Amino acid sequence: MSYQALYRRWRPLTFDDVRGQDAIVTTLKNQIKSGRIGHAYLFCGTRGTGKTSIAKIFARAVNCAHAAEHDGSPCNTCAVCSSILSGGSLNVFEIDAASNNGVDNIRDIREQVEYPPTDGRYKVYIIDEVHMLSTGAFNALLKTLEEPPSYVIFILATTDPQKIPQTILSRCQRYDFRRISTETIAGRIHELMEADGLDIEERAVRYVARAADGSMRDALSLLDQCLAFHFGQRLTYENVLDVLGAVDTGVFSDLYRAICGRDVEKTLSITNDLINSGREIGQFVNDFIWYMRNILLAGSVSGGDILDISRENEERLREDAAAADKTTLLRMMSVMSELSNRMRFAAQKRVLLEVELIRLCTAGYAAGALSGSIAGAGSTTVQMVSRPAAAQEKPRQQVRNGSGITPPAPPAAPQNPVERQEDSIQADPAQTDAERPDAVHEDAVQPASQMGADGTDVYRLVQDNWDSLCRELSPANKAVFSGTILKQEQPGAVTVVFKNAMNYKIAAMNREENGLKRLAELVRERLGIAVSFLARQAKPGELDTGIPRVTEEDLLKIHFPVDFE
């Protein structure tokens, strides 16, 4: 007999063999024992959670003559059960809606349900991936599903229930299958090990169970793959990492510390070694996110059960967690999660990974992550354009600059933004920013320092990330800030220079909701620093540098066909 895959050989045959779906199993068993069997069921859930397996068990149980004696499960020995198990029964029909999704397929079912079962009590139709049916097929199924003959049961299985019409959903008993826990999957693998006499290291079992991501079928498929590669040998943790292209947890600790230490050379060296050793880049990114998740939890909870990590690596993980700043850690996880999504459709995954790691090291994402605090970088005050009308009538309070010198009080700005703009056009170029009426100020606040707590040049950091920050603005604000340049004209502040009067007026109006405020929030969230933004219109010829400014977004738009004759 040919070899049968583990997930097929170990498919549950009774309700007692099902793992991780106790509530659903109990409900279905009670329905069988009490005779309160419905006519339509909808099984929803991610792949590999037991939808089709439970549907087949249920189909045998409703027809089994001895189900009551086996606590609602099929006996699998009577003539009806044996016939269904062998695939020769005319009472159970399994239909793949992905390839039989037309109206004619459903019409065939409607014709078949008119005839009662040849043996047993029920005709059961299991329609897998039912969300793939066409609109016409759903409409053809609707009436039969609503009022089928008393001997017909429909079991619809899907991984995407939101695509099913509400008229179908309302006619079914819906059961949502949960992802199976890592512990449950590991327990099932141990059962298989005992039955087949396999020798597998405990750490290997745990890793396979976690890599399955809640799917029992995926876990058994991964295990089958690892056993085939190391046939006849003891399956170790290192063997599993080799086969699946995964990385040991200790490497992630080294990578995390290198990023937090802003050591670009070491970060890229670790990455290069992993990629050259054949590790899969997407899996590497996901596992690194999981490691940072463990750091976050280790710093939040005392128990080790929730960490899902071996005892050998837990001590070092605790060290990383003790020195980690949660805000910075969450920011790093957000960056890597976004990278994981972009990698799905990228042709150059390695380039994306290396660019993002360099940004993490140099752009301030990981500032202070191992210092236990980023209070120094976050202690500067975020200044935004917000002056109440009442405050404009009062004498302006003194503002201290970074050197401790109190500049002369500037004249009060006009309340109307348009008037402010006119003043800025006629402003004397010799005036300082503090004296210029178009500069945006804040009353009684201390400007941010030119240097961050860790010595970072705040202005240079914002300038290096300006394009990526602007891309996160709303579409309206993107247009307003298009073509802007940054200048450092006042200590502790970054001045945004607008190319025309209209954009400047829009930025000056409705200051509580404008793009400058959003940019300050983004700088605080993405770069871990606080910065003061000022705004003014460009002087005549100021933006006429003769060199066109090309952004990263402009480069991505360059794509045109080339024809050869």
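This is a short walk through one protein chain, from the whole down to a few of its parts. The model is predicted, so please read every value below as one computed from that prediction.

Let us begin with the overall picture. The chain holds 26 helices and eight strands. Of its 565 residues, 48% are buried. The chain exposes about 28,100 Å², and carbon and sulfur atoms supply 50% of that area. How far apart in sequence are the residues that touch? Among contacts between residues at least 6 apart in sequence, 73% join residues at least 24 apart.

Now find strand 3, which spans residues 123–128. This strand is mostly covered, with six of its six residues buried. Both of its faces are covered. On one side you will see Lys123, Tyr125 and Ile127, and on the other Val124, Ile126 and Asp128, all of them buried. Which strand pairs with strand 3? Strand 2, residues 92–96, runs parallel to strand 3 and is joined to it by five bridges. To see one of these pairings for yourself, look at phenylalanine 93, whose bridge partner in strand 3 is tyrosine 125. That tyrosine belongs to the side of the strand that also carries Lys123 and Ile127.

Next, let us turn to the helices. Two packed helices are described by the angle between their axes and the distance between the axes. Where they meet, helix 10 brings Leu222, Gln225, Cys226 and Phe229, while helix 11 brings Val240, Val243 and Leu244. By class, this contact has six nonpolar residues, one polar residue and no charged ones.

The last stop is helix 14 (residues 281–298), which packs with helix 17 (residues 349–362). Here the angle is about 30 degrees, and the axes are 10 Å apart. Because angles under 35 degrees count as roughly parallel, helix 14 is described as roughly parallel to helix 17. Which residues of the two helices meet? Ile281, Phe284 and Val285 in helix 14 meet Lys349, Arg350 and Leu353 in helix 17. By class, this contact has four nonpolar residues, no polar ones and two charged ones.

Terms used. Residues are numbered from 1 along each chain as its sequence is written. This is a predicted model: local features need pLDDT of at least 70, side-chain atom pairs count only at pLDDT 80 or more; totals for chains, interfaces and linings use all residues. Side-chain values use heavy atoms; hydrogens and water are left out. Contact means heavy atoms within 4.5 Å. Helices (H or I, at least four residues) and strands (E, at least two) are DSSP runs, numbered from the N terminus. Ala, Val, Leu, Ile, Met, Phe, Trp, Tyr, Cys and Pro count as nonpolar, Asp, Glu, Lys and Arg as charged, and the others, Gly among them, as polar. Buried means under 20% relative accessible area, exposed over 50%, partly exposed in between (1.4 Å probe, protein chains only). Accessible areas come from the Shrake-Rupley method with a 1.4 Å probe; for residues, only the protein chains shown count as cover. Two strands pair if DSSP finds at least two bridges between them. Axes are lines fitted to C-alpha atoms, for helices over the stretch in contact, and angles run from 0 to 180 degrees between N-to-C directions. Angles under 35 degrees count as roughly parallel, over 145 as roughly antiparallel, 65 to 115 as roughly perpendicular and the rest as oblique.
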